[in-house]
Structures are given as C-alpha cells and as structure tokens.
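Subject: Structure handover

Dear colleague,

Here is the structure for your files. My notes on it follow below.

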Amino acid sequence: MQLSIDLTGRDVLVAGSDHAARQAVRRYQAAGAVVYRLSTPQGAGHDGPLPERPFLVAAVDDGQPGWEPLLDRCRAAGIPVAVEPAAGPVGHVTLVGGGPGTTELLTVGAIKALRDADVVFYDRLAPCQDLPQLTSAELVDVGKKPGHHKVGQADIEKLMVESALAGNNVVRLKGGDPYVFGRGGEEVASCVAAGVPVRVISGVTSAISVPAAAGIPVTHREVSHMFTVVSGHAPLTEKEHQHLAGLGGTIVVLMGIGTLHQLAAGLRRAGMRTDMPMAVVERGYRPGQRTTIADLGSITTAAAGCSNPAVLVIGEVVRVAEANRGHAEAAADLDRLAASLLGS
Ligand code: SAH
C-alpha cells in the first residue's frame, strides 16, 4: 500500500542507525518534513533535541534490538509509526533496466533499487523525468546521444566504480534492458575487475515494447513464430542481409534510422519482397510517439522525416497491427454512434 501525505513543515522523527536510515532521512527531507533523528533506542538526549510530539515516527528496520517498546509507546500515544526499509549494504552497483521511457514500465525491482540508491547515473533513454519522485539519490546525467557522448563509456564505468568504492549504493539506470545493446556486460565486467559487488535488474526492452506501443505484436500465431533483434548502428554486411531475408520471421531493428536506406536496399538485393510491410515507431511511450507504415519498397521515402529514437519492424506482423487498429477504430466508431444515439 502506498499513501501520499503532505509533510511540509511537519516534525518527523526518523528512528534507526545512521547507516540504515540515511535514505529515509533524505526522503523525508525531500518531502519537506522537519527531520529529527534517533539513532539508537537509548539515544534520546544524544541525538540533539527531539520534538515533544512528532507528527510521524519513521521507524527504519535496522535490525537493532530495543526499538519495539519505544515504538509501542508512540503508538499508544496516538503518534503514527511508519515502518521504513533499511538502506542496503554499502558500496555496490546495480544495473537497472529502465524500460522504454515511461515510469509505468519500470519493474518493482527497479523501483526498489532506485529507492535504495545514493547516486543514480542515468542515460538519455531511461525514464528520467520522474526520477526525483522515485529516489532521494544524487542524479547524474551521463546521457548519450548517438555520436555525442556526454560522458564517455570508460568514464561512466570509472565514475560508477569510484562512487561504489567510496561506499555509495550506485544505480546505473539504462534505457530498456541493460543487456540489449546496452553495454551492460562491459559495465558489469568493470565492476567485477574492481572488486565491486554488482547485480543486474532486467528491464522491458524497447525491441518488444516499442512495437507494442504501436499495436504490433512481434510474434503472432500463423504469421510469425520468431523475431530477430538487430542493431542498425552500423550497416550490415551483404551476408547478414541475405541471412535476415532468409529467416522468414519478424525483424526488429534498433538504432536503425541512420542506416535505414542501406538496410532496405540490402534486403531487396537479398530477395525480400518489396511489398513486405515495415513500420517505423518513433519515440515510443513518449510525447510525439509516431508510427509510419510502408513497405520495403517505399519505406526510405515514407520514413525520410523519421528520427531517433525509433524502432523498425519488418514483417507480416505489421499487418496484424493495421487489422487490429481497424477493429479499434470500428469500436471507437460504435462508441461514438452509441453516444450520439443516447444523446439524441
Ligand atoms: N537497451 C535498450 C536499447 C539501447 S539502443 C533496450 O533494451 O531497449 C538504443 C535504441 O533503442 C534506440 O536507438 C532505439 O532504436 C531504441 N529505443 C529505446 N527507447 C525507445 C523509445 N522509447 N522509442 C523508440 N525507440 C527506442
């Protein structure tokens, strides 16, 4: 259960050891509360003046014995007690898959890791607009635009490792899934090499979710029983074009806007039908989401104005979306008809 309550200017007593309580302290401060600290059950008087009757007691589950009698006295006096999770062990890195850019598609594991973080290094494609609501951590933008690395990959790895070695819980928040064209493997390796504990929380990859945002299922019974995810970062070789054209399933291309022309030409040379349906889905789940549908023969012209970030889909499944959209539009027409009949 999650409740929201306005704590601006309210006295909140955060009870728990300094280490375990540090993130709870930041969260309550960020919420505008006046935070008082009690670091041990016997600490009253040692931790500075305490409010006579706090608005709320935030009890951090720090594993110390002796808190219960104190908390029971607060409850008996009618002071609400909120139980807060303790900060995790210090000095580790968590690579978090942030999904395609909407907070809706963050996992529960991602939300927890963000809540436990002291520092978040985030990418351009991660869902960064809501980060201040999800974490009290320091936020560092290491975002990359294609060709314009704000912070180079080696420097990102160095920053992460140094921050963890200094005792911080570091979250490296990446777009989509960390292991799908995300250099997640390299970042894990650099932590391992430095002896820093590291774990990975998978995310919802744009390879599946962005087509879905446009109504395109990457597989569909009797239409496509496989999908291949390809990087369009650099043009493919002739052999790769032939291989892809021969597969027969759905082809999903990430980072493919810059090489769309070469890809379409290569697949045609490799014998793919020119009426093979194609879609370009730009800015999935973000303002300005747009889908352009054409076929292999016409996509280069149709998608001339398309820009990154975008996911390309090549395959018959694109028609499924068109058919479903037809149904959705028909349903919307029926709703409008019903509303106008009811209104008249
Ligand atoms: N690890 C990421 C992919 C990183 S490569 C993942 O699993 O999704 C970056 C590419 O992902 C972009 O060039 C684009 O092709 C795609 N992408 C990521 N988010 C997107 C979005 N919201 N809309 C469209 N494409 C997106």
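In these notes, buried means under 20% relative accessible area, exposed over 50%, and partly exposed in between, with a 1.4 Å probe and protein chains only. Helices (H or I, at least four residues) and strands (E, at least two) are DSSP runs numbered from the N terminus. The model is predicted, so local features need pLDDT of at least 70 and side-chain atom pairs count only at pLDDT 80 or more, while totals for chains, interfaces and linings use all residues. Residues are numbered from 1 along each chain as its sequence is written, and side-chain values use heavy atoms, with hydrogens and water left out.

Strand E13. Thr250, Val252 and Leu254 point one way from E13, Ile251 and Val253 point the other way, and all are buried. Since five of the five residues of E13 (residues 250-254) are buried, the strand is largely enclosed by the rest of the structure.

Its pairing. Two strands pair if DSSP finds at least two bridges between them. E12 (residues 227-231) runs parallel to E13, and five bridges join them; valine 229 has valine 252 as its bridge partner in E13. With E16 (residues 310-314), E13 pairs in the antiparallel sense over four bridges, and valine 253 stands opposite leucine 312 of E16. E12, helix H8 (residues 238-247) and E13 form a right-handed β-α-β unit (right-handed: with the strands pointing away from the viewer, the path from the first strand over the helix to the second runs clockwise).

The ligand. Around the ligand there are 19 residues (a heavy atom within 4 Å), of which Pro100, Val180, Thr205, Ser206 and Ala310 come nearest. By class, the shell holds eleven nonpolar, five polar and three charged residues (nonpolar: Ala, Val, Leu, Ile, Met, Phe, Trp, Tyr, Cys and Pro; charged: Asp, Glu, Lys and Arg; polar: the others, Gly among them). A backbone N or O atom of glycine 284 is 2.8 Å from a nitrogen atom of the ligand. Taken alone, the ligand exposes 540 Å², and the protein buries 94% of that (Shrake-Rupley method, 1.4 Å probe). Helix H7 (206-213) and E16 are the elements that give two or more residues to the shell.

Helix H9. Leucine 263 is found in H9 (residues 260-269) and is buried, with a relative accessible area of 7%. Its C-alpha atom is separated by 10.0 Å from that of alanine 234, 29 residues apart along the chain.

Regards

Terms used:
Polar contact = N/O pair within 3.5 Å; in protein donor to acceptor, adjacent residues only side chain to side chain.
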